[in-house]
Amino acid sequence: GKWATTLPKHPPTRLALQHFDATYSAQLGDLWPSVRVALLSERKYGALLNNFCHSPDLEELQAQGSAPLRLHQAGLWPLAAVNKAPQGETIWSEFWSIMPDKFGLLSYYLMDAASVLPSLALDVQANHTVLDLCAAPGGKALALLQTQSARFLCLNDSSVSRTSRLKRVLHSYAPKELLTDDKLRITSVDGTMWGEIERNSFDRVLVDVPCTTDRHSLMEDDNNMFSRSRVGERRSLPRLQAELLLAGIIAACPGGEVLYSTCTLCPSQNLGVVERAVQLAEENHGIRLQVVSLRPLVRMFQNTFHFAPDLHLGEMVVPHLAANFGPIYMCKIRRLA
Amino acid sequence: LLCSASDQTASVSSQSSLRLSPVLSLHSLSDMGFTESQAGQLFDSVSRLKGASAAKHVLSTLTVLFVLGLNPTSVQKLIDKCPELCMVKETQLQQRIQHLRKLGLVEGSLQRTVVHYPKILTVPVKSVKNVVQFLREKCQFTTQQVTEILRDSPAVVLEDLDQLEYKFQYVYFRMGIKQAEMVKCRLFRFTMEDVRCRHVFLERRGLYQTPDKKGQTTIINPKLDSILNVDQHTFIVDVAQASAEEYDVFQKLLAREWKEEELEHGSIEAD
Ligand SMILES: C[S@@+](CC[C@H](N)C(=O)[O-])C[C@H]1O[C@@H](n2cnc3c(N)ncnc32)[C@H](O)[C@@H]1O
């Protein structure tokens, strides 16, 4: 009958759920059931409007029930439309009908709306040099490009195939003038080795690491971090993450700022990694660091996203049915000397 | 008690009904014990039926209902709820009532069931038999349980058997509920959408688990009764420990998930 299905006994999505139930219920307490039901239900997307496109489909987005969200007080970020009203949710396929303008540029990039926060939190100023250590497929890099403020942008991702995807994304959204060699460099090296390439040089570093990507792990059995064959890889994530963050810290110039981000709720991949990297930087490299508060950013967006209360290090967007974005963890640190 | 020519409303309704049913007169109705206003309402109900000879069995139907032991007030209300009963032949009505008795609806519950859900007497014996057989054989309810289902949720006799099977299997396998509990909670009174929405909400919140082969769960599931037989607010706040906003969004999301699911299944079957 309909119910005598022959599902694999332990699909990765199921294993992920068991794992999260065990760890997150302890961590989030009463909040966990709310987060759990949101993670297991349809997520929302945001459309990052492309300022370089000459025919933005603003009207279409609004017709689909998206409410615009002002991203930057200074107006550098005119608009990003975010699906807000529960009635007005829009499905992938509807969004994908976007047409290129006469220059071949697409009008918006679809991403988890909370994913723009790390790019915003980085607070890039004019004449900054910026490194995005794990940049593919490029959503956050694109958000950075939209500000047009960085003097030089260096995008890296160790995966060659994902790096070519990143290049395709950039060419679909940004005009050629912004992608010239003097403004942009794209590399494909192991980010943990960055210190051997360039030290003490970037004003801003984004370290958006590979993680258990909680939403994906719960919903898709393909390419799932919780599949049996990837147990080792999953267990070694915090170490890899700490190494990447440390590499990012070393790549930053004194006075420069590093933003660490993940899309997991897992404390050992979030604050655990930050604590570890800060410690390693001090002990092994004599680098002193200071945590930079992201409270102002949280206050600005607290009506749009649900932030976890009382995190003692960094900020976290937690999924909620009424604002089904995230999870996104962010922590910002400044290099003192 | 007869309506006079000056009583406009009664005369209009009686005239129109008289055309429908030559045998039915206010006089005969008052003989049966209906008050004037009840008689008028009866005419109105019967005249809602379409077709010239639609209500040709009205008198025999009323008689059968009186014989069943119902009083004029109940009978009038019942006909108002279900005027179609006046289209059913006396012999058929008798057979259907007999059949319900045979299924274990004793005096008292039989009458209550008929008053509460008169439509049950419009359903042919054969259809009722099919549903009963389905409940016994496919769902393995005992005879006694089937009687209780008919008594408490008589509308099952008109439900689509595929839908009924889906509901039963969902609650049995996904929720791990045994027949006795389903009967006790009057499961068949609830729509599939209600059952599924409340259950999936709890499940995704981590508050309900499908029991394993040994019937075990790592958490204590709330009782079916406390999930179904409470109003929405109590369900949201006490059982799901959620906010009304969350459940509101969830219902909408789930409705869409189902629509997509149906589309997918539809296309698979079409292949
Ligand atoms: C969360 S994704 C980055 C998403 C990207 N920042 C965006 O916004 O579109 C993590 C990326 O890290 C890359 N990665 C994994 N290990 C790496 C390493 N050792 N060095 C650099 N990149 C790595 C993966 O290929 C993956 O593309």
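In the class counts used here, Ala, Val, Leu, Ile, Met, Phe, Trp, Tyr, Cys and Pro are taken as nonpolar, Asp, Glu, Lys and Arg as charged, and the others, Gly among them, as polar. By that scheme, the shell around the ligand divides into ten nonpolar, six polar and five charged residues. This is a predicted model, in which local features need pLDDT of at least 70 and side-chain atom pairs count only at pLDDT 80 or more, while totals for chains, interfaces and linings use all residues. Residues are numbered from 1 along each chain as its sequence is written, chains are lettered from A and ligands numbered from 1 in the order in which they are written, and side-chain values use heavy atoms, with hydrogens and water left out.

**Ligand site**

There are 21 residues around the ligand, and those that come nearest are A:Gly138, A:Asp157, A:Arg162, A:Gly191 and A:Asp208; a residue is near if one of its heavy atoms lies within 4 Å. Helix H6 (139–147) and helix H10 (237–251) of chain A each supply at least two residues of this shell, where helices are DSSP runs of H or I with at least four residues and strands are runs of E with at least two, numbered from the N terminus.

| Protein atom | Ligand atom | Distance |
|---|---|---|
| A:Cys134, polar backbone atom | nitrogen | 3.0 Å |
| A:Pro137, backbone N or O atom | oxygen | 3.4 Å |
| A:Asp208, polar side-chain atom | nitrogen | 2.7 Å |

On its own the ligand has 610 Å² of accessible area, of which the protein covers 86%, the areas coming from the Shrake-Rupley method with a 1.4 Å probe.

**Backbone features**

A:Pro137, listed above for its backbone atom, is joined to A:Ala136 by a cis peptide bond with omega of about 0°, and A:Pro137 is found in the loop between strand E5 (129–132) and H6 of chain A. The peptide bond from A:Gly326 to A:Pro327 is also cis, with omega near 5°. A:Asn127, although not a glycine, has a positive phi of about 75°.

**Interface of chains A and B**

With contact meaning heavy atoms within 4.5 Å, 16 residues of chain A are in contact with 19 residues of chain B. One salt bridge is counted between the two chains, and B:Arg256 and A:Glu42 form a salt bridge through their side chains at 2.3 Å, N to O; the term requires a side-chain nitrogen of Lys or Arg within 4 Å of a carboxyl oxygen of Asp or Glu. On the side of chain A that touches chain B, eight residues are nonpolar, four polar and four charged.

Key
A polar contact is a pair of N or O atoms within 3.5 Å; within protein, one must be able to donate a hydrogen and the other to accept it, and residues adjacent in sequence count only if both atoms are side-chain atoms.
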